[in-house]
Number of protein chains: 2
Amino acid sequence: MMSVETVQPVKSTYQDGQLEINAMRGEVLVNGSKLVLTRKEFELLALLAANEGEILKREDLMMRIWSYSMEIRTRTLDVHIRRLRAKIGEHGEGCIETVFGVGYRFQRYRSPEARPMYTFAMMSASA
Amino acid sequence: MMSVETVQPVKSTYQDGQLEINAMRGEVLVNGSKLVLTRKEFELLALLAANEGEILKREDLMMRIWSYSMEIRTRTLDVHIRRLRAKIGEHGEGCIETVFGVGYRFQRYRSPEARPMYTFAMMSASA
DNA sequence: TGTAGCTTTTACAACTTTTTTACAAGTTAA
DNA sequence: TTAACTTGTAAAAAAGTTGTAAAAGCTACA
């Protein structure tokens with residue numbers, strides 16, 4: 001693990017068919033049009049996208065964006081996820097996936113039929 | 001830190017459809033007519049324009065124009081921004097963009113519809 | 001010294017973002 | 001199907017940031 005890598009909270013860029021995240025310029029484009037995100041929204045999206053395909057646990061998201069604190073009795077994370085999804089729009093539904101009992105996962109663009117229908121809550125949520 | 005690089009606060013010239021900055025002559029023209037700016041106003045505009053398209057953080061602007069000092073509890077920067085915008089006029093609104101929680105960004109002229117609604121706060125401002 | 005012009009400070013208004021609250025809706029497992 | 005628990009949502013509250021006017025402080029110079 002050795003922390004050799006610099007703490008770069010955000011992969012410099014993400015891109016798929018619909019969505020583009022340019023961390024350097026702080027820009028997010030959805031189908032070419034620029035998105036207006038707040039700071040926390042941006043951080044959250046960038047973190048999720050940087051770990052594309054992986055499930056990030058609620059606790060981890062909390063820790064990494066809200067710095068270790070914050071009881072998990074608050075809906076803060078959910079509210080931010082909701083706003084992100086709303087802003088990203090249609091693609092947002094598909095790309096930010098809820099993993100019940102665990103957390104969220106960002107998925108690279110897949111055509112609707114390519115998306116699994118099942119909720120797919122894997123990983124012993126306890127773990 | 002070593003000050004090897006020359007302190008060249010200003011790209012020699014900027015120009016777009018509306019605005020022209022001639023750093024050598026210390027002149028700013030808006031739609032052909034000369035603008036009378038004070039020294040600080042000029043420095044600020046020139047610095048922003050020299051980094052056209054990039055977000056300059058408040059701290060950085062402070063450091064580079066007010067030399068490292070100045071608590072960020074003062075409205076000095078904002079006041080200068082306001083006066084700049086006022087003097088540049090209509091174009092000023094569009095070209096000096098506020099990036100909430102971070103700083104300001106100078107944008108080359110874009111037709112009104114090309115402008116994002118901006119509020120947009122990116123990049124963990126802390127970083 | 002007085003004046004004019006520039007810059008900074010102050011005090012508050014206006015605005016934006018983030019968090020909290022309260023409850024609805026969805027999910028899981030016995 | 002119900003009980004227990006998790007997530008979604010809207011709306012309000014709280015926190016934080018920026019905008020602005022006006023006053024005060026400077027500086028240069030006639």
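These legends go with close-up views of a predicted model.

**View 1. The protein surface near DNA strand D.** Here we're looking at the 19 residues that surround DNA strand D. A:R75, A:D78, A:T98, B:R75 and B:D78 are the closest of them.

**View 2. The open sheet of chain A.** Four strands line up in the order β1-β2-β3-β4, with antiparallel pairing. β1 (13–15) and β4 (33–34) of chain A sit at the edges with a single partner strand each, so one side of each has no neighbour in the sheet. Zoom in on β1(A) and you'll find three bridges joining it to β2 (residues 19–22) of chain A. A:Q15 has A:E20 as its bridge partner there.

**View 3. Two hairpins of chain B.** β1 (residues 13–15) of chain B pairs with β2(B) through three bridges, antiparallel, and the hairpin they form has three residues between the strands. Look for B:T13 opposite B:N22. Next along, β2(B) pairs with β3 (residues 27–30) of chain B, again antiparallel, over four bridges. B:I21 stands opposite B:V28 in this pairing. This hairpin has four residues between its strands, and B:G26 in the turn has a positive phi of about 65°.

**View 4. The two faces of β2 in chain B.** In a regular strand, side chains alternate between the two faces of the sheet. Along β2 (residues 19–22) of chain B, B:L19 and B:I21 point to one face and are buried.

Methods: Residues are numbered from 1 along each chain as its sequence is written. Chains are lettered from A and ligands numbered from 1 in the order in which they are written. This is a predicted model: local features need pLDDT of at least 70, side-chain atom pairs count only at pLDDT 80 or more; totals for chains, interfaces and linings use all residues. A residue is near a molecule or strand if its C-beta atom, placed from the backbone, lies within 6 Å of it. Two strands pair if DSSP finds at least two bridges between them. A residue is buried if 20 or more other C-beta atoms lie within 10 Å of its own, exposed if 12 or fewer, and partly exposed in between; C-beta atoms are placed from the backbone.
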